[in-house]
Structure formats: C-alpha cells, structure tokens
Amino acid sequence: MATKKAPERPNVSKEELLSYYREMLLIRRFEEKAGQLYGMGLIGGFCHLYIGQEAVVVGLEAAAKEGDKRLTSYRDHGHMLACGMDPKGVMAELTGREGGYSKGKGGSMHMFSREKHFYGGHGIVGAQVPLGAGLAFSDWYKGNDNVTFTYFGDGAANQGQVYETYNMAELWGLPVIFVIENNQYAMGTSVKRATKSTTLFGRGLAYGIPGEQVDGMDVLAVKEAGEKAVAHCRAGKGPYILEMMTYRYRGHSMSDPAKYRTREEVEKIKTEKDCIEHVRDLLTQGGLASEEDLKAIDKEIKAIVNEAAEFSKESPEPALSELYTDIYA
Amino acid sequence: MATQVLMPALSPTMEEGTLAKWLVKEGDTVKSGQILAEIETDKATMEFEAVDEGIVGKILVAEGTAGVKVNTPIAVLVEEGESADAAPALVAAPVAAAAAPVAAVAKAPVAVVSKASADWAEGTPMKTMTVREALREAMAEEMRGNGNVFLMGEEVGEYQGAYKISQGLLDEFGPKRVIDTPITEHGFAGIAVGAAWGGLNPIVEFMTFNFAMQAIDHIVNSAAKTNYMSGGQLGCPIVFRGPNGAAARVGAQHSQDYAAWYAALPGLKVVMPYSAADAKGLLKQAIRDPNPVIFLENEIMYGKSFEVPDLPDFTIPFGKAKIWREGTDVTIVSFGIGMTYALEAADKLAAEGISAEVIDLRTLRPLDYDTVLASVMKTNRCVTVEEGFPVGSIGNHLSAVIMERAFDYLDAPVINLCGKDVPMPYAANLEKLALVTTAEVVEAVKSVCYR
C-alpha cells in the first residue's frame with residue numbers, strides 16, 4: 001500500500017517486536033470476540049471496545065516495572081490484558097460469571113487485580129484521575145520508586161477534577177503519569193467541538209507539569225515516551241503528561257452507530273495508521289519474521305481468546321448468596 | 001463620656017471566651033483600630049481591636065479569665081480628665097471575673113448511664129474533656145500507633161484546623177502526615193481514596209460536610225462501591241470527618257445535616273457521636289475500620305465537655321446504641337446534637353411524671369435496631385429526634401422498621417421530629433423555628449402518651 005509509511009527503527013530487537021505484535025493482537029482479537037458475545041446476548045449492559053488503541057497500553061506496559069500501578073476508565077479491557085491479567089477472568093467478568101475478576105459483580109467497567117496492580121475500571125468519567133494520583137501518593141508516602149499510570153480520555157480531560165489533581169500532583173511531586181488517550185471523540189463529541197484548547201497535554205504546563213504529544217498508533221514511539229515519563233517520575237520530579245494521539249475504530253460503546261464521523265475517516269486511519277499492521281510490517285519487511293511465523297502467532301492468540309470465550313460461557317453465574325457479600329471489607 | 005468595651009462574639013457559635021491577654025494597661029491612650037486584647041474563642045485566638053478612641057480607664061476582666069460571656073463589659077474607655085467610675089451602668093463584678101478561671105464550657109446535661117450500655121468497666125478512671133479534645137486525642141493516638149494513618153484537608157496543618165480539631169498535630173507528626181490541601185474537595189477526596197487503595201489509612205477532614213458535596217462522587221462511587229465491584233479485592237480504609245449540620249446562623253449552604261443521605265448507602269459506615277467519650281472511642285474505631293467511614297461531627301458540640309474514660313486504648317464498636325437514660329413510658333431515639341434536646345426533654349418530662357428512655361444511636365450504619373425495638377416493645381411509644389430534613393429521615397426509616405417488626409407493641413403512632421422542610425434561614429428567629437427544639441420533643445412525647 002503506497003500510503004503506508006515505510007518501516008522504521010530496524011534496530012529494535014525481533015523479540016521485542018514479536019511481543020508487541022502478540023500483545024496488541026491479543027487485545028484486538030479479544031475485543032472482537034467480546035463484540036461477538038455481546039451480539040449473542042452473553043454480555044450485557046455497556047461494553048466499550050479498545051480496538052484501534054492497542055499500541056498505547058502495550059507500549060506503556062513495556063516501560064513499566066513490577067510494582068507500578070495502573071488504572072483507567074470504563075474502556076478497560078486492553079489495559080487489563082496488557083498488564084498480564086488472565087483473559088479468561090476478564091471475559092468471564094464480561095459475561096457476569098463467578099470466574100470473572102469481580103465474581104461477576106463488577107462487569108465490563110469495573111474490574112480490578114491487586115496482584116497485577118490494576119486498580120480499575122472506573123465508570124465515572126475523570127474520577128480515575130485523582131484516584132490514580134492517590135495511588136501515586138501512597139508510593140510517595142512509602143518512599144518507593146513505583147509510578148502510577150493514570151489513563152483517561154480526551155473527554156475526561158475537560159473534567160474539573162483533572163485540574164484539581166494536576167495542581168496537587170505537581171505541588172506534592174507525586175509519581176504519576178497522566179496518560180491522555182486522545183482518540184478524538186468523547187462519545188460523539190469531537191475534541192474540537194468540546195474545547196478551543198485542543199492541545200490537551202499543554203494544559204499541564206499551567207501547573208508546571210511537563211508533557212508531550214505522542215503518536216499513539218506507533219508502539220515504539222509510545223514506549224520511548226513512556227520511558228522518558230517513567231524516568232522523570234522515578235527520579236522524584238513529579239508528574240508527567242503523555243497525550244497519546246490515537247483512534248478507536250468501533251463506536252463509543254456497542255450501542256453507538258457512530259454517525260458523528262465518516263466511514264472514510266475510519267478507513268483512512270485503519271489503512272494508514274493501524275498499530276498492529278505497523279509492527280507486522282516492521283517484522284516482515286525487516287526480515288525478522290515470516291508470514292508463517294506470524295500466522296502461528298495469530299493461531300496461538302485465537303486459541304487463547306477462544307479458550308477465554310469458552311470459559312466465560314461455562315463459568316456459572318455467581319451464587320445467589322453473593323448478593324450480600326463484599327459490601328464491606 | 002465613658003464607654004464600656006464589651007466581650008465580642010468572634011465566631012458563629014461563640015457564647016463565651018477566654019480573655020487571654022491584655023495588650024493595653026489602665027491609663028494608656030488607645031486609638032480606633034488599636035489591638036486591645038487577645039481573646040481565645042473555641043476556634044482560635046483572635047486579636048480584638050478598639051472601635052473608639054480614648055483612655056483605658058479601667059480593666060474589668062483580668063487577663064487569663066476564662067468563660068467570659070459575650071457582651072460582658074471587659075474594660076471602660078474614658079475621655080481626658082474623666083474618671084473610670086463615671087462609666088454608666090457599670091457591672092462591678094462581671095461573670096467569672098474572679099481570679100480562678102472557671103470551666104470554659106457549659107456542661108452537658110447530666111445523664112444516667114445504664115450499666116447495660118456502659119462502654120467501660122465500673123471504676124475506670126475518668127477525665128473531663130471537650131468533644132474537640134476527644135477527637136484530637138483519638139487522631140493523635142491512632143497516628144502514633146500506625147504510621148500509615150495521615151490527616152488531609154483544608155487548614156488542618158499550619159492553621160491548626162479551622163475548628164482547632166487538629167491543633168498541634170502538625171508539630172507532632174510533620175507535614176507528610178498532616179497535609180494542607182488546596183480548596184479542592186473533589187480532587188483531594190479522590191486522591192485520599194486512591195491512597196487508601198494503595199495501603200494507607202487516610203483521615204480526610206472536610207471543613208464542613210456541606211463542602212463534601214463537591215466530593216460526594218468519590219465518597220459514594222469510588223470509596224463505598226469499589227469493594228463490592230471488585231469482588232472484595234479493593235477495600236477502602238478511609239475516614240471522612242468534619243462538622244455536619246447547623247452551627248449558628250451560617251445560612252442554608254452551611255447548615256445541612258447529611259446523616260440520612262450517607263446512612264442510605266451500602267458500603268459506607270456512618271457515625272454521628274454525641275458525647276466526647278463516644279467521639280473518641282468511635283473515631284479510633286473508625287480509623288481502624290477497613291471500610292470507608294463517614295464521621296459526622298457538630299460545631300456546637302465541639303466545645304461541650306463530658307467524662308471520658310482515661311484508658312490507653314479506648315474504642316467503641318460500631319452498631320451499638322447507648323441507652324443514656326432508662327425509662328418506661330416512651331422511647332426517645334436520637335443521635336448527635338439531637339441528644340441534647342432528647343436528654344433535656346427527658347429531664348423536663350420526668351418532672352411531669354413521664355419516664356422516658358433515651359437512646360443514642362451513635363452509628364447510623366450499622367444501625368442498632370435491636371436496642372430500639374427492645375425499648376419500644378417495653379415502652380410502646382416512640383419519638384425520634386434529629387436535625388436533618390424530614391423527608392427520607394433516619395426517623396422515617398426507624399418508623400418503618402418499628403412498624404414492620406413491632407407493630408402490635410405500639411400504643412401510638414411514632415412521631416419523627418426533624419428539622420423543618422426548608423433551606424436553613426439566616427434570621428435568628430426563623431433559624432430557631434427551623435431547628436428541632438426541646439419543647440417540641442416534650443410536646444411530641446406528651447402527644448404519643450396521650451397526655
């Protein structure tokens with residue numbers, strides 16, 4: 001395809017590229033399957049798919065270390081898979097089953113894993129921003145060098161609590177990375193229809209927080225920016241903002257006809273900027289992997305996703321006695 | 001012409017104060033605006049300026065005197081060549097002008113503590129302290145005992161607390177554990193909840209619970225619901241505390257009682273103490289609780305003194321009401337400042353031959369239904385007393401429970417006394433009318449007793 005950009009950075013190792021490919025593909029296939037299960041009535045309520053944005057979480061997880069924390073909004077399946085949570089547990093939560101991460105009591109928008117330091121899964125737009133700064137506060141208080149990745153969208157970026165948090169995070173020097181996943185649309189409202197201040201990371205400068213805009217469709221660019229932000233935080237220099245320019249291919253949720261943008265716009269991004277195709281090209285055109293190698297990975301991922309889907313159907317619904325458990329710790 | 005200088009009211013709830021220090025002496029010439037004295041209120045030490053100019057003819061209240069009522073003459077200003085004795089209607093001996101300072105605060109009504117609800121063993125040494133001191137001591141003790149406990153809020157540190165609850169804590173624990181925040185309730189409540197998930201035990205002070213309206217999303221959606229939504233993985237050990245309800249003439253936006261709102265929410269625990277002993281024991285318990293606790297204080301109660309057990313580690317479990325006074329004719333159920341009216345009414349009723357049992361719920365979630373029901377089954381009559389709005393009140397809820405579980409025991413309908421169904425007015429007479437009163441409690445009890 002003539003419009004596709006030429007593969008870059010051939011100095012990245014084969015293993016690294018393969019792992020990015022695998023992880024991004026897992027998220028995409030998982031989300032596609034979730035979409036199918038939703039259509040079959042096995043998943044209810046809201047279900048927000050991450051398809052298109054995979055490079056953001058995969059690139060940033062590559063810059064993280066054990067002990068780092070992360071949390072995000074309701075568009076959270078990708079973040080969970082990227083930090084190593086079990087696809088079976090995630091899918092079973094989507095179907096509201098006992099084997100889900102929240103025993104079926106949270107659903108698509110509310111999953112957590114202490115083990116993987118994943119703190120949700122938040123349904124109130126922007127609420128995760130101070131919560132993430134609070135997790136960073138706990139590490140700052142304890143004096144370790146962990147950082148917290150706090151993801152939010154361009155829509156949340158207009159919430160007042162984001163700026164309250166910027167102010168305190170910089171004031172106290174909290175080790176938090178604010179990751180704005182700018183996928184251009186807050187549900188159906190484009191960034192330009194919501195603000196005149198469209199360079200979202202730049203708002204942090206008013207509070208003294210450095211930041212930058214990153215090509216969020218390029219996993220290598222994301223990782224590089226993530227490493228810079230992480231180094232800033234671990235050095236005790238306070239928060240950092242990464243504005244990831246990305247795009248969601250699907251509607252806001254499963255029930256969104258996405259009439260606010262053209263089919264051409266979506267197709268153009270898919271053709272020219274797709275994050276998985278980008279890595280695939282780097283691998284094949286750099287001679288690091290053959291079509292057969294990649295097909296084998298595709299097959300492996302498909303098996304994982306199918307297994308997760310099967311588990312999510314077979315896992316029983318939570319026992320009725322679960323209604324009254326876990327209200328209090 | 002000689003003029004009297006009167007003890008000023010320096011806060012909405014100040015009724016009396018301590019004349020901490022005179023900055024002028026008899027014979028000094030003072031100008032308008034000059035600082036005459038330092039006066040300690042229940043909240044802070046304030047400088048008191050001269051309104052008129054003149055010569056300090058006589059100082060009527062010696063420095064160090066506590067319990068000086070508002071509007072008591074404290075000095076006389078005279079003009080050149082005039083005698084201090086010329087001051088009109090001079091009160092020779094102002095209240096508490098004696099050298100020995102009297103107790104700075106009014107005593108709470110004497111209560112008869114039943115043995116059944118006693119929270120400490122007989123013979124336990126007691127000390128007298130204010131609710132304010134009890135709250136402070138509870139936080140300090142828990143902070144000493146657990147390095148993960150910290151206090152966060154507006155003016156809790158360098159200012160020493162808007163209501164002096166946190167006075168001295170910054171000095172003892174330092175700025176990392178006593179954290180002054182900007183005026184951003186929504187943001188810092190969220191940060192505190194995140195910190196609790198991260199393994200710390202935050203105490204969040206709201207300058208008033210009226211301001212917690214800015215933060216209520218994090219209290220409800222983030223703190224209260226996440227343990228459930230995570231299948232039990234993410235408990236939130238946090239205390240949100242501060243004054244709640246009406247103070248004195250601070251208007252509709254600063255006077256709401258949120259007890260019933262928070263008590264409606266599964267996932268929260270809700271505490272509203274009346275006495276200093278309960279304030280201390282329940283706050284220590286709240287800080288140790290692995291769940292989010294709403295701890296509703298009252299500005300008017302901060303300065304009230306009670307007996308508090310002098311124990312190294314005194315806590316009170318949640319969900320246990322306290323029977324302050326045993327009785328046989330009627331059950332009066334209240335909590336927080338409402339107990340003031342309930343106990344006063346019980347005294348008055350006793351004089352008229354009506355024996356009232358007075359129950360302090362202390363915690364609204366969990367709520368001690370059993371104690372209330374057992375009492376109502378004994379007395380067959382019930383009046384509830386609270387300051388909050390009447391629709392969806394704690395009293396409404398209790399009435400429903402009593403109806404469901406003790407219907408056949410009732411000899412009269414339960415009466416719910418609440419604040420009136422209006423935004424709190426500012427005018428003194430209207431505010432008084434809007435709040436629940438002892439007289440209303442007496443009247444309601446007589447009504448259910450058909451007297």
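Okay, housekeeping. Residues count from 1 along each chain as its sequence is written, and chains are lettered from A and ligands numbered from 1 in the order in which they are written. Since this is a predicted model, local features need pLDDT of at least 70 and side-chain atom pairs count only at pLDDT 80 or more, while totals for chains, interfaces and linings use all residues; side-chain values use heavy atoms, with hydrogens and water left out.

So, confidence. The model scores ipTM 0.93 and pTM 0.90. Chain B averages a pLDDT of 92, and 92% of the residues score at least 70; pLDDT, remember, is the predictor's confidence in each residue, from 0 to 100. Where pLDDT is low, the predicted coordinates should not be read in detail.

Helices (H or I, at least four residues) and strands (E, at least two) are DSSP runs, numbered from the N terminus, and two strands pair if DSSP finds at least two bridges between them. One open sheet has four strands in the order 5-4-2-7 in chain B, with antiparallel pairing. Strand 5 (45-49) and strand 7 (65-69) of chain B sit at the edges with a single partner strand each, so one side of each has no neighbour in the sheet. Strand 4 (residues 35-40) of chain B pairs with strand 5 of chain B over five bridges, antiparallel, and Ile39(B) faces Met46(B) in strand 5.

Another open sheet in chain B, again four strands and antiparallel, goes 1-8-6-3. Its edge strands are strand 1 (3-6) and strand 3 (29-30) of chain B, each pairing on one side only. Inside it, strand 6 (residues 54-59) and strand 8 (residues 73-78) of chain B run antiparallel, joined by four bridges, and Ile55(B) is opposite Val78(B) in strand 8.

Further along is strand 19 of chain B. How many of the five residues of strand 19 (residues 356-360) of chain B are buried? Five of the five, so the strand is largely enclosed by the rest of the structure. Buried here means under 20% relative accessible area, exposed over 50%, and partly exposed in between (1.4 Å probe, protein chains only). Ala356(B), Val358(B) and Asp360(B) point one way from strand 19, and Glu357(B) and Ile359(B) the other. Strand 17 (residues 322-325) of chain B is joined to strand 19 antiparallel by three bridges, with Lys322(B) partnering Asp360(B). Strand 18 of chain B runs parallel to strand 19, with five bridges, and there Val333(B) stands opposite Ile359(B).

On to helices. In helix 10 (residues 394-406) of chain B, the buried residues include Ile394(B), Leu398(B), Val401(B) and Ile402(B). Down the helix axis, the buried residues of helix 10 of chain B fall within an arc of 165°, so they line one face; the arc is that of the directions from the helix axis to the C-beta atoms. Among the elements covering them are strand 18, helix 9 (369-379) and strand 22 of chain B.

Helix 12 (residues 438-448) of chain B has its own buried set, including Val441(B), Val442(B) and Val445(B). Its buried residues also fall within an arc of 165°, so they line one face of helix 12 of chain B. On the other side, Ala439(B) and Glu443(B) are exposed. The cover over the buried residues of helix 12 of chain B includes strand 18 (330-334) and helix 8 (338-351) of chain B.

Most residues other than glycine have a negative phi, and most peptide bonds are trans. A cis peptide bond joins Arg365(B) and Pro366(B), with omega about 0°, and Pro366(B) lies in the loop between strand 20 and helix 9 of chain B. In chain A, Gly120(A) and Gly121(A) are joined by a cis bond with omega about 20°. Asn380(B) has a positive phi near 70° and is buried at 19% relative accessible area. His117(A) has a positive phi too, near 55°, and is buried at 16%.

Terms used
Contact = heavy atoms within 4.5 Å.
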